[in-house]
Amino acid sequence: MPKIDLAAIPQSNRTGYPPPYDTPVQGRWVRRLAGPGGLTVMGAAHVTLAPGAWSSQRHWHAEEDELLVVLSGEAVLVEDEGETVLRAGDVAAWPKGVRNAHHLQNRSAADCTLLAVSAGDAARDWGEYPDIDLKFSGDLYLHKDGTPYPPKD
């Protein structure tokens, strides 16, 4: 199995979230692994959350399963049912279509690193962000009434 050279993959903190929803994820640094790994049917990312950063806005997916493994540090998993502290070695998963909105918040003083994996029909995927006026369909971000947000630069 070929080893992926993480250092050769640039990190990005780019997000498609419209303002002001982009602010909490500015300390999220992502290395996309699917392309360098030759993966064609699933997504994978090596993610570092700086102290105070969120992994995303709280969301769920209609057409994609999600799985994450905490590699180092700790973060608070926030779901509809409440909060759970996740530490290195912990694993969490969300099946597609289950409306259990979730995200991670790094409330510690150290970085938290995780592996995030997704699989499903990304082109047909859609979902919602129950805490804010945002939903998505494919790569588009929309208000809950269906009006699109302006594209980001």
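Biologist: How many aromatic pairs are there?

Modeller: This is a predicted model. Two rings count as a pair if their centres lie within 6.5 Å. By this rule, the number of aromatic pairs is five.

Biologist: Is the pair of Tyr17 and Tyr129 stacked or edge-to-face?

Modeller: The ring centres of Tyr17 and Tyr129 are 5.6 Å apart. Planes over 60 degrees apart count as edge-to-face. The planes of Tyr17 and Tyr129 stand at 85°, so this pair is edge-to-face.

Biologist: How many residues apart in sequence are the parts that this pair ties together?

Modeller: Tyr17 belongs to the segment before β1, whereas Tyr129 belongs to strand β10. Both Tyr17 and Tyr129 are buried. The separation in sequence of the parts they tie together is 112 residues.

Biologist: Which parts does the pair of Tyr21 and Tyr149 tie together?

Modeller: The rings of Tyr21 and Tyr149 form an edge-to-face pair, 6.4 Å centre to centre with 85° between the planes. Both Tyr21 and Tyr149 are buried. Their parts are 128 residues apart in sequence: the segment before β1 and the segment after β12.

Biologist: Is Met42 buried or partly exposed?

Modeller: Met42 is placed in strand β2. With Leu39 and Val41, Met42 makes a nonpolar surface patch of about 270 Å². Buried would require under 20% relative accessible area, and exposed over 50%. Met42 has 37% relative accessibility, so this residue counts as partly exposed.

Conventions: Residues numbered from 1 in each chain as written. Predicted model: local features only at pLDDT ≥ 70, side-chain atom pairs only at ≥ 80, totals over all residues. Heavy atoms only, no water. Phe/Tyr/Trp six-rings, centres within 6.5 Å; stacked < 30°, edge-to-face > 60°. Helix = DSSP H or I, 4+ residues; strand = E, 2+ residues; numbered from the N terminus. Buried < 20%, exposed > 50% of the residue type's maximum accessible area, 1.4 Å probe, protein only. Patch = residues over 30% accessible without salt bridge, like charges linked within 9 Å, V, L, I, M, F, W, Y side chains within 5 Å. Areas by Shrake-Rupley, 256 points an atom, 1.4 Å probe, with all protein chains shown as cover. Salt bridge = Lys/Arg side-chain N within 4 Å of Asp/Glu carboxyl O.
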